[in-house]
Structure formats: structure tokens, C-alpha cells
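Here is a short tour of one protein model, written for someone new to reading structures. Keep the 3D view open and look up each residue as it comes along.

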Amino acid sequence: MESRNNVTEFVLLGLTENPKMQKIIFAVFFVIYFITVVGNVLIVVTITVSPMLGSPMYFFLAYLSFIDACYSSVNTPELIIDSLHERKTSLFNGCMTQVFGEHFFGGTGILLTVMAYDRYVAVCKPLHYAVIMNRRVCGLLVGIVWVGGFLHATIQILFTFRLPFCGPNIIDHFMCDLNPLLDLAVTDTHILGLFAAANSGFICLLNFLLLLVSYVVILHSLRTHSLKGRRKALSTGVSRITVVVLFFVPCIFVYMRPAATLSVHKAVAVFYSIITPMLNPLIYTLRNAQMKNAIRKLCSRKAISGD
């Protein structure tokens, strides 16, 4: 398909066109973005400088927090800035870059599957955990996560960039995404919509099912553990399952459907692209005594050095 474009920019309708609501949106999402970035960066710094957080679980958690901070930064700053302007526009190349960023960092969501595997080995094969999850294996798994996200985003952007946009340029969304762009393309996008569902929706569904199966196996294996061990593993498992549901269920809802933009998609997109990255640090730190102790030590160390 040849690229036939006379569109240089897209007009975003945003979450709402009500001026009063836009001021509220600015305040609410500015706070959410601040909490997201500060919370996730704090986790990365704490794990990096704390020797007692050297296990593979925290190694993966540091990468998850870094990805969450980046993923939130793809869309949220533009949403905040656009809420101050009546006309919201995105240049064509900027829109394509946003689509790539969304699917690159969103595609690295397979890290959650890697983290589930780590917990499976820790709970079901504790005597072999140090051998199986050695530093080399952890590095390899993280490398696979980054390569997977890059390949997924590259596939998305290759055929999105070649779509013909010749006139309509109004996107009923607060961000550039695949389905809204397919709606604007002046060609039959049925096949491309199916391909997008396979590349994004199926990947989300497959990861979600793998994660559910892994956590069911983990919870089933807890029967042989002590009461204290069951409580600790169950606490970790519940927090992980919460993260999985919050991220993958909205993604499946958006990308497993036919290529059409519905008003509800904007609310769902807010949830998985903005709210979930903010909740991750809260879920992982509030239910983890080691993380809370490490953060306290880090903050007290900074306070002492400041004095």
C-alpha cells in the first residue's frame, strides 16, 4: 500500500470539550502524573541503592517501575498541556511517534509474565531458585522483554505509517492510537483491523491467560507451605493479580474489538495508560515491608546528608 497523505496534523477532541471540565482535567492528571513519576522513580532508585533488595523479584520490579514511568510519559504530558488549549493538535510525525511509544512500552507488559514466572520458581521450586533465576537468566529475560516490545511497536508503526490520510483529521480521543487512525484512513481497513487485533489484542489475551494460569498454579502449591509462608505468598500474589487485571483487561477490551473508536474507549484508555502506572508503585510498596523499610532508610539517609 502506497502512502498517500495530505494530512500534516491531527486534531484531538480530548476527554471533553467543556472548558470548566478541562481545568479539572488539568489539575487531576497533573497530580496523577506527578505521583506516577515520583513513585516509580523512587522505587527504581531505592532498589538500585539498597543491597537488601538484590533478589530477582526486585530486579524485575525496578524495570517495571521504569517502564511505567516511561509509558505514562508518552500520553499524560500531552493530555495535561492540551487541557489548557481550546484547539488540540498533534503533528503527523508526532502522532506516529506517540503510537510507537505507546506500543513499545505497552508491549513490554510481558515483563509481568516474566515476574509471574519468577514467583512460580520462588514458590514451587525454592531449593533451585538461586540456580534457575541467576543474574544471567534475569538479564536475558529483561532483554527479551525489550526486544519483544520493540518488535511489537515496529510492526504497528510500519503499517500505520503507510495508511492513506487524505482529508479527515479529527480524532475523537485524547491521544493518537491505532483504532482512531484506522477510522480516519481512506481505505478499507477491515484486514488491517484484524491484523491489529492479532498483534495487540491477541498478545494481551495470551499474556493475561498465561498470568492467570501461573498464579493459579502458585496458589494451588501454597497448600504445602506453612501458614506464615502462605500468607506472605498470598499477599504478593494478590497484589500481582491486581496489577495484571488492571492492565490487561482494559487492553483486551480495546484491542480485541473491531477497529472502531467508541466513547467508552477514552475512559478505558485513561485507566490502562495513566491510572495503572500510578497504582503499580502503591500496590508494590504498601504491601511489601522490605520496600517500605528500604524507602525509609533511603529518605533518612538523604535527610542526614542534607543536614
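Is Thr36 buried or exposed? With a relative accessibility of 0%, Thr36 counts as buried, where buried means under 20% relative accessible area, exposed means over 50%, and partly exposed is in between (1.4 Å probe, protein chains only).

## Before going further

This is a predicted model, so local features need pLDDT of at least 70 and side-chain atom pairs count only at pLDDT 80 or more, while totals for chains, interfaces and linings use all residues. Residues are numbered from 1 along each chain as its sequence is written, and side-chain values use heavy atoms, with hydrogens and water left out.

Helices here are DSSP runs (H or I, at least four residues), numbered from the N terminus. Leaving aside neighbours within four places in sequence, Thr36 is in contact with Asp68, Ser72, Ile274, Pro277 and Met278. Contact just means heavy atoms within 4.5 Å.

Asn40 lies in helix α1 too, and at 0% relative accessibility Asn40 counts as buried. Setting aside neighbours within four places in sequence, Asn40 is in contact with Ile35, Ser65, Asp68, Ala69, Pro277 and Pro281.

## The nonpolar cores

Which residues touch the most other members of the largest nonpolar core? Out of its 64 residues, they are Phe60, Leu61, Leu112 and Tyr272. A nonpolar core is a set of buried Ala, Val, Leu, Ile, Met, Phe, Trp, Tyr and Cys residues joined through side-chain atoms within 4.5 Å. Helix α2 (residues 56–82) gives this core its largest share, 13 residues. Apart from this core lies another one, of 20 residues, including Phe92, Cys176, Leu178 and Leu181.

## Helix α2 and its partner α4

How do α2 and α4 pack? Helix α4 covers residues 111–124, and the axes of α2 and α4 are 10 Å apart at an angle of about 165°. Axes are lines fitted to C-alpha atoms, for helices over the stretch in contact, and angles run from 0 to 180 degrees between N-to-C directions. α2 and α4 are therefore roughly antiparallel to each other; angles under 35 degrees count as roughly parallel, over 145 as roughly antiparallel, 65 to 115 as roughly perpendicular and the rest as oblique.

On the α2 side, the contact is made by Pro56, Met57, Phe60, Leu61, Tyr63, Leu64 and Ile67, and on the α4 side by Leu111, Leu112, Val114, Met115, Asp118 and Arg119. Sorted by class, that gives eleven nonpolar, no polar and two charged residues. (Ala, Val, Leu, Ile, Met, Phe, Trp, Tyr, Cys and Pro count as nonpolar, Asp, Glu, Lys and Arg as charged, and the others, Gly among them, as polar.)

Tyr71 also sits in helix α2. Tyr71 is buried, with a relative accessible area of 6%. Beyond residues up to four places away in sequence, Tyr71 touches Glu102, Phe105, Gly106, Phe247, Tyr272, Ser273 and Pro277.

Now find helix α3 (residues 92–107) and helix α6 (residues 135–161), whose axes come within 7 Å and cross at roughly 150°. That makes α3 roughly antiparallel to α6. Their contact has eleven nonpolar, eight polar and no charged residues.

## A last stop at Phe248

Phe248 is in helix α9 (residues 227–255), and at 2% relative accessibility Phe248 counts as buried. Leaving out neighbours within four places in sequence, Phe248 is in contact with Gly109, Leu112, Cys204, Asn207, Phe208 and Leu211. Phe248 and Val114 are 134 residues apart in sequence and 15 Å apart in space, C-alpha to C-alpha.

How values were computed
Helices (H or I, at least four residues) and strands (E, at least two) are DSSP runs, numbered from the N terminus.
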